[in-house]
Amino acid sequence: MTAQHEASIAASIAAVRASIESACAAVGRDPRSVQLVAVSKLQPASSIRAAYAAGHRDFGENYVQELTTKHAELAGLEGLRWHVTGHLQRNKARDVVALAALVHTVDSERIAVALDRACVEIERASLPVLVQVNVGGEAQKSGCDPAALPSLLDALAKLPRVRVAGLMTVPPHTEDAAESKRYFDALVQLRDANGGATSLPELSMGMTHDLSYAVAAGATIVRVGTAIFGERPPRSSSN
Ligand SMILES: *Cc1c(COP(=O)(O)O)cnc(C)c1O
């Protein structure tokens, strides 16, 4: 990690925080009500070290193998919190439960049951999760169907160790970030129709290109990669 690398990541984080603050100011929100998760998938561990040195603690990873490797590499970084932001596979549930502070991407009862069992196996008392909703109804995208959300939430409420803290979405990609707004509003409406902020306090939505729209709509967690770490290298088969 060079001093220059560290300074540039620190400046990027400050710039993202400034965008969050101005989006909050525009709608009268307290900027402390928005948590920034730095999505470090496919970025080197040295970039995470640089962000950590700048005081950042929350990092998002999409691939469990990569998470496990980075966790080992960065084991000395006290207080670092991993967020799992990629599609979940049941055979990786144990690693997820061992490492994640928050899982953003629960979208079926099957995966939640696997996480709950893994909690029992490794004696983790509880695991906070978000339910990913496919608000755009895209065939290829992860996330539960909005119509299936009430029954999925009922099923998850019966699991003793998995604790649903809120909802997450990745809207369809659009050229114009303003197009994301209606999907963010849709997630807020789903939250309101399913117990409201008391039962589902967290809304994880907004990425590099649309974070200000997400904050305006009510995001409590934004997941930002490119604006902090720069362009991602392509994914190779070893990730
Ligand atoms: C990669 C990714 C992000 C970060 O995207 P950027 O556009 O680089 O900010 C956020 N959320 C999820 C689920 C991702 O996969």
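**Burial, pairing and pocket lining in a predicted model**

Leucine 42 is buried, with a relative accessible area of 13%. Here buried means under 20% relative accessible area, exposed means over 50%, and partly exposed lies in between (1.4 Å probe, protein chains only). The model is predicted, so local features need pLDDT of at least 70 and side-chain atom pairs count only at pLDDT 80 or more, while totals for chains, interfaces and linings use all residues. Residues are numbered from 1 along each chain as its sequence is written, and side-chain values use heavy atoms, with hydrogens and water left out.

Leucine 42 sits in the loop between β1 and α2. Helices (H or I, at least four residues) and strands (E, at least two) are DSSP runs, numbered from the N terminus. The phi of leucine 42 is positive, near 70°, in a residue other than glycine. Glutamate 123 is not a glycine either, and has a positive phi of about 60°. Its place is the loop between α5 (109–121) and β5 (127–132). Glutamate 123 counts as exposed, because its relative accessibility is 71%. A positive phi, near 100°, is also found at glycine 55, which follows α2.

Helix α2 spans residues 45–53, and its buried residues are Ala45, Ser47, Ile48, Ala50, Ala51 and Tyr52. These buried residues pack against α1, β2, α3, β3 (81–84) and α10 (226–229). Contact means heavy atoms within 4.5 Å. Isoleucine 9 lies in helix α1 (residues 3–27). Isoleucine 9 is buried, with a relative accessible area of 2%. Leaving aside residues up to four places away in sequence, isoleucine 9 touches Ser47, Ala50, Ala51, Ile228 and Phe229. Among these, Ser47, Ala50 and Ala51 are buried residues of α2. Alanine 157 stands 148 residues from isoleucine 9 along the chain, and their C-alpha atoms are separated by 39 Å.

Strand pairing was examined next. Two strands pair if DSSP finds at least two bridges between them. Strand β1 (residues 35–39) is joined to β2 by two bridges, and the two run parallel. Alanine 38 has phenylalanine 59 as its bridge partner in β2. Strand β2 covers residues 58–61. From this strand, Asp58 and Gly60 point one way, Phe59 and Glu61 point the other way, and all are buried. Strand β4 (residues 100–106) pairs with β5 in the parallel sense, again over two bridges. Valine 106 has valine 131 as its bridge partner in β5. Strand β5 is mostly covered, with six of its six residues buried. Leu127, Val129 and Val131 point one way from β5, whereas Pro128, Leu130 and Gln132 point the other way.

Eight salt bridges were counted. A salt bridge is a side-chain nitrogen of Lys or Arg within 4 Å of a carboxyl oxygen of Asp or Glu. One of them joins the side chains of aspartate 30 and arginine 32, at 3.0 Å from N to O. Aspartate 30 counts as partly exposed, because its relative accessibility is 35%. Arginine 32 counts as exposed, at 76% relative accessibility. Lysine 141 forms a salt bridge with glutamate 138, and their closest N and O atoms are 2.9 Å apart. Lysine 141 is partly exposed, at a relative accessible area of 24%. Glutamate 138 is buried, at 17%. Arginine 191 forms a salt bridge with aspartate 192, the closest N and O atoms being 3.4 Å apart. Arginine 191 is buried, with a relative accessible area of 11%. Salt bridges that share partners also join Glu61, Glu66 and Lys70 into one network.

The largest pocket has a volume of about 560 Å³. On a 1 Å grid over the protein atoms alone, a pocket is an open set of points where a 1.4 Å probe fits, with protein on both sides within 12 Å along at least five of seven lines; lining residues have an atom within 4 Å of a point. Grid points are joined across faces, edges and corners, and a volume is the space filled by probe spheres set on the points. The largest pocket is lined by 29 residues, of which Lys41, Asn62, Thr85, Gly86 and His87 are the closest to its centre. The elements that give two or more residues to this lining are α3 (64–73) and β8 (221–224). The lining comprises eight nonpolar, 15 polar and six charged residues. Ala, Val, Leu, Ile, Met, Phe, Trp, Tyr, Cys and Pro count as nonpolar, Asp, Glu, Lys and Arg as charged, and the others, Gly among them, as polar.
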